[in-house]
Amino acid sequence: MGLGGISIWQLLIILVIVVLLFGTKRLGSMGSDLGAAIRGFRKSMQDEPKPEDKRLPGEEPQKSEVIQGEAQRSEEKH
C-alpha cells in the first residue's frame with residue numbers, strides 16, 4: 001500500500017502518462033514556473049509590513065468614523 005490506497009505501481013503509471021502527455025521540457029518549465037511563483041509569494045508575505053508598522057513612532061492610531069444612514073434600493077427596470 002502507498003498513499004491512501006494507491007500503490008507505487010499505480011503512481012508510476014500515472015507519472016508515465018503525464019510525461020507522455022506533456023513531455024519532459026514542458027513539465028520542467030511548469031515546475032520551475034510554479035517554484036518561482038511560490039518563492040515570490042513567500043517573499044512578498046515576509047516583506048509586507050503590517051499596517052501598524054507603517055505609523056511613525058509616537059503617532060497615535062487613527063480613529064475611524066462610521067457614517068450612519070439608510071440604504072435605499074431603486075426599483076428601476078432595464
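Val18, Val19 and Phe22 of helix 1 meet Thr24, Arg26 and Leu27 of helix 2. This contact belongs to a predicted model. Helix 1 covers residues 8-22, and helix 2 covers residues 24-47.

How do the two helices lie at this meeting point? Their axes come within 6 Å and cross at roughly 100°. Angles of 65 to 115 degrees count as roughly perpendicular. Helix 1 and helix 2 are therefore roughly perpendicular to each other.

Now look at the whole protein chain. It holds two helices and zero strands. The chain has 78 residues, and 1% of them count as buried. Its accessible surface comes to about 8,300 Å². Carbon and sulfur atoms account for 59% of that surface.

Ile6, Ile8, Trp9, Leu11, Leu12 and Leu15 make a nonpolar patch of about 590 Å². Where does isoleucine 6 sit? Its place is in the segment before helix 1.

Is isoleucine 6 buried, exposed or in between? Its relative accessible area is 33%. Buried means under 20%, and exposed means over 50%. Isoleucine 6 lies between these limits, so it is partly exposed. A patch residue needs over 30% relative accessible area, and isoleucine 6, at 33%, is one of the residues that make this patch.

Conventions. Residues numbered from 1 in each chain as written. Predicted model: local features only at pLDDT ≥ 70, side-chain atom pairs only at ≥ 80, totals over all residues. Heavy atoms only, no water. Patch = residues over 30% accessible without salt bridge, like charges linked within 9 Å, V, L, I, M, F, W, Y side chains within 5 Å. Areas by Shrake-Rupley, 256 points an atom, 1.4 Å probe, with all protein chains shown as cover. Salt bridge = Lys/Arg side-chain N within 4 Å of Asp/Glu carboxyl O. Helix = DSSP H or I, 4+ residues; strand = E, 2+ residues; numbered from the N terminus. Buried < 20%, exposed > 50% of the residue type's maximum accessible area, 1.4 Å probe, protein only. Axes fitted to C-alpha atoms, helices over the stretch in contact; angles between N-to-C directions. Parallel < 35°, antiparallel > 145°, perpendicular 65-115°, else oblique. Contact = heavy atoms within 4.5 Å.
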